[in-house]
Amino acid sequence: MIQFTNVFKRYENGHEALQNVNFTLQEGEMAFLTGHSGAGKSTLLKLIMRMEVATRGQVMIDGLHLSQLGKRHIPFLRRKIGVVFQDHQLLFDRSVYDNVALPLIIEGMDPKDIAKRVRAALDKVGLLSKEQFTPIMLSGGEQQRVGIARAVVNKPPILLADEPTGNLDPKLSAEIMQLFRQFNAVGVTVLIASHDLNLIGRMGQRMLALTEGSITHDGAPR
Ligand code: ADP
Ligand code: ADP
């Protein structure tokens, strides 16, 4: 589902953020991406979303060669990928419902279908009763759940997360991780960037470690 082959990324200023990265995530796999700040985690996620382009090598996402993907086809790629951010990037003047509905409205989905999908997504993250709240009325953990509901509302085959528990305490972090596991259990391919080695260790899933842009570990958590 996600395949990196000899991938290099050099930014305009000459900085080599990724060097010869090779890995494959099969459909339905779940893995963590770890490494110190500046190791290249965000860059790797941006290459998957085609927010950045590899300088060399090949990134393949669900059969799409991203180096050959025309601009017109980027929305088609993005619909395959749900993204969860550390700061969840919610609209604070809109209801929970509206926040989750947004990707479907942009897609031009029929409003009747939107209501059904939004409620299914909110149900999965345990927030059905709060659909009319605004994010300000929610706790940090609940806000992150809204971010997750928004990421999965169009049922993407791939779910990416960039430090999704960065602002949460250990108990809430564990709960958020259980949600990712639930989506993985129904076949979603999940890749989570995190520097929280304790949390990753407890999850017992495959771990990819980046050190200064190179993969230095791929396997069981250290
Ligand atoms: P991480 O997510 O692991 O903290 P990043 O992928 O954000 O790492 O960054 C990897 C390296 O690339 C860092 O040294 C960072 O300063 C550099 N970098 C990131 N984005 C850019 C950019 N747009 N231009 C130049 N250098 C960048
Ligand atoms: P429908 O409106 O099609 O009945 P459901 O919400 O009942 O949708 O979901 C059908 C199944 O699809 C559920 O088991 C759900 O967990 C699963 N599923 C598969 N991929 C995803 C995804 N990315 N996000 C949410 N659910 C998903």
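Helix α5 covers residues 140-152, 13 residues in total. From first C-alpha to last it reaches 19 Å, close to the 18 Å expected at 1.5 Å a residue. That expected span is 1.5 Å times one less than the number of residues. Helices here are DSSP runs (H or I, at least four residues), and strands are runs of E of at least two, numbered from the N terminus.

This is a predicted model, in which local features need pLDDT of at least 70, side-chain atom pairs count only at pLDDT 80 or more, and totals for chains, interfaces and linings use all residues. Residues are numbered from 1 along each chain as its sequence is written, chains are lettered from A and ligands numbered from 1 in the order in which they are written, and side-chain values use heavy atoms, without hydrogens and water.

Stay with α5. It is mostly covered: 12 of its 13 residues are buried. Buried means under 20% relative accessible area, exposed means over 50%, and partly exposed lies in between (1.4 Å probe, protein chains only). The buried residues include Arg145, Ile148 and Arg150. Their cover includes strands β6 (81-85) and β7 (158-162), along with helices α3 (96-107), α4 (111-124) and α6 (170-185).

Glu142 sits in α5. Its relative accessible area is 18%, so Glu142 counts as buried. A polar atom of the Glu142 side chain lies 3.1 Å from the backbone nitrogen of Ser139. Beyond its neighbours within four places in sequence, Glu142 is in contact (heavy atoms within 4.5 Å) with Leu127 and Lys130.

Move to helix α6, which holds Asn184. Asn184 counts as buried because its relative accessibility is 15%. Its side chain reaches the backbone oxygen of Gly28 at 3.0 Å. Setting aside neighbours within four places, Asn184 also contacts Glu29, Met30, Val190 and Gln205.

Now the ligand. Residues around ligand 1 include Tyr11, Asn13, His36, Lys41, Ser42 and Thr43; each has a heavy atom within 4 Å of the ligand. Helix α1 (residues 41-49) gives the largest share of this shell, 3 residues. By type, the shell divides into 3 nonpolar, 8 polar and 1 charged.

A polar side-chain atom of His15 lies 3.0 Å from one. A backbone N or O atom of Gly38 lies 2.7 Å from an oxygen. For a polar backbone atom of Ala39, the distance is 3.2 Å. The protein covers 65% of the 560 Å² of accessible area that ligand 1 has on its own.

Definitions and conventions
Polar contact = N/O pair within 3.5 Å; in protein donor to acceptor, adjacent residues only side chain to side chain. Areas by Shrake-Rupley, 256 points an atom, 1.4 Å probe, with all protein chains shown as cover. Nonpolar A, V, L, I, M, F, W, Y, C, P; charged D, E, K, R; others polar.
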